[in-house]
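I record below what I looked up.

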Amino acid sequence: MLAISWLLIVAFEPNGGPRLYEYIVIGYLLGTLFAQTTLASAWVALGPGTIQWRLSASVVWLLALVTAFGVSIAIHSGPDDVALTVALCLAGQWIGVQIPLWIMTLAWGLSIRAGEAEPSGRPLQFGIRQLMILTAIVAVLFGAGRVVVAQLIAEAPDRTLGGGEALVFAFLAVAAVVLMLPLIVATLVPRFAWLATLAITVLIGLATAWEVSLLSALSLGGPDQWHFASINAFSVFWILAILSLVRLAGFGLARR
């Protein structure tokens, strides 16, 4: 699955074609890059095996994504600065996702393991309640960001807050961290994972509209609501596809 996804990144022409083609291609490219970077980062903090193995595999995964996108830019004569910008955003996202996950790992001793209980038979200390706490934190971040942006616009209504492709990609990378992190945890919770996943997916859909309005307020230009919908749809697809295979194999979040 991963190898095919990287080949498609190389093959797709991001420019040209009808509008619908553009939405699908841009959504696939950015959704795949951001979602798989999130998964690669989560593997370092939560994956089984030694930290050396997890870190090495994650870095190789990230480099494969960056290389595939760079080759695509080279083949289709895209601007080199876009490839560098995306690579830097993915590196920042890779680091940013690990921070809350390592806090969870240290607080609850979690990792992806077979089974749903400790060897002693005691129930897990992680579940829907902890997921809701994480989701509430995400909601607070959303609300705080909205308040800060509104305040900046009120203080300087005639001043744009930046511009250019670099800020757009950085915005998308931050949004990928905030939106997709709860989905990863929801998919891996030991019990009622389907219910938690459904709830978080609905919230991601509602947050997509929020992304569009915030990007518009920042005066950055770039993606419209259909770009965001396509990017988030492909991001959700990759996270659910890969982690569903993990769950079908009998693995989930358990205490180390």
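Predicted model: local features only at pLDDT ≥ 70, side-chain atom pairs only at ≥ 80, totals over all residues.

**Entry 1: a glutamine side chain**

I then located Q98, which lies in helix α4. Is Q98 buried or exposed? Its relative accessibility is 10%, under the 20% limit, so Q98 counts as buried. Setting aside neighbours within four places in sequence, I found Q98 in contact with S41 and V44.

**Entry 2: the α2 and α4 pair**

I next examined helix α2 (residues 19-46) against helix α4 (residues 80-108): their axes come within 8 Å and cross at roughly 40°. I noted the crossing of α2 and α4 as right-handed. On the α2 side, the residues that meet α4 include L33, F34, T37, S41 and V44; among their counterparts in α4 are L90, W94, V97, Q98 and L101.

**Entry 3: the core**

I then turned to the largest nonpolar core, which has 62 residues. Which residues have the most contacts inside it? They are I9, L30, L33, L101 and I239. The elements that give two or more residues to this core are α1 (2-11), α2, α3 (51-75), α4, β1 (110-114), α6 (165-188), α7 (193-217) and α8 (225-248). Of these, α2 gives the most, with 14 residues.

Finally, I looked up I9: apart from neighbours within four places in sequence, I9 is in contact with Y28, L29, T32, L33, L65, A68, F69 and S72.

How values were computed
Residues numbered from 1 in each chain as written. Heavy atoms only, no water. Axes fitted to C-alpha atoms, helices over the stretch in contact; angles between N-to-C directions. Helix = DSSP H or I, 4+ residues; strand = E, 2+ residues; numbered from the N terminus. Left-handed = near helix turned anticlockwise from the far one by under 90°. Contact = heavy atoms within 4.5 Å. Buried < 20%, exposed > 50% of the residue type's maximum accessible area, 1.4 Å probe, protein only. Core = buried A, V, L, I, M, F, W, Y, C linked by side-chain atoms within 4.5 Å.
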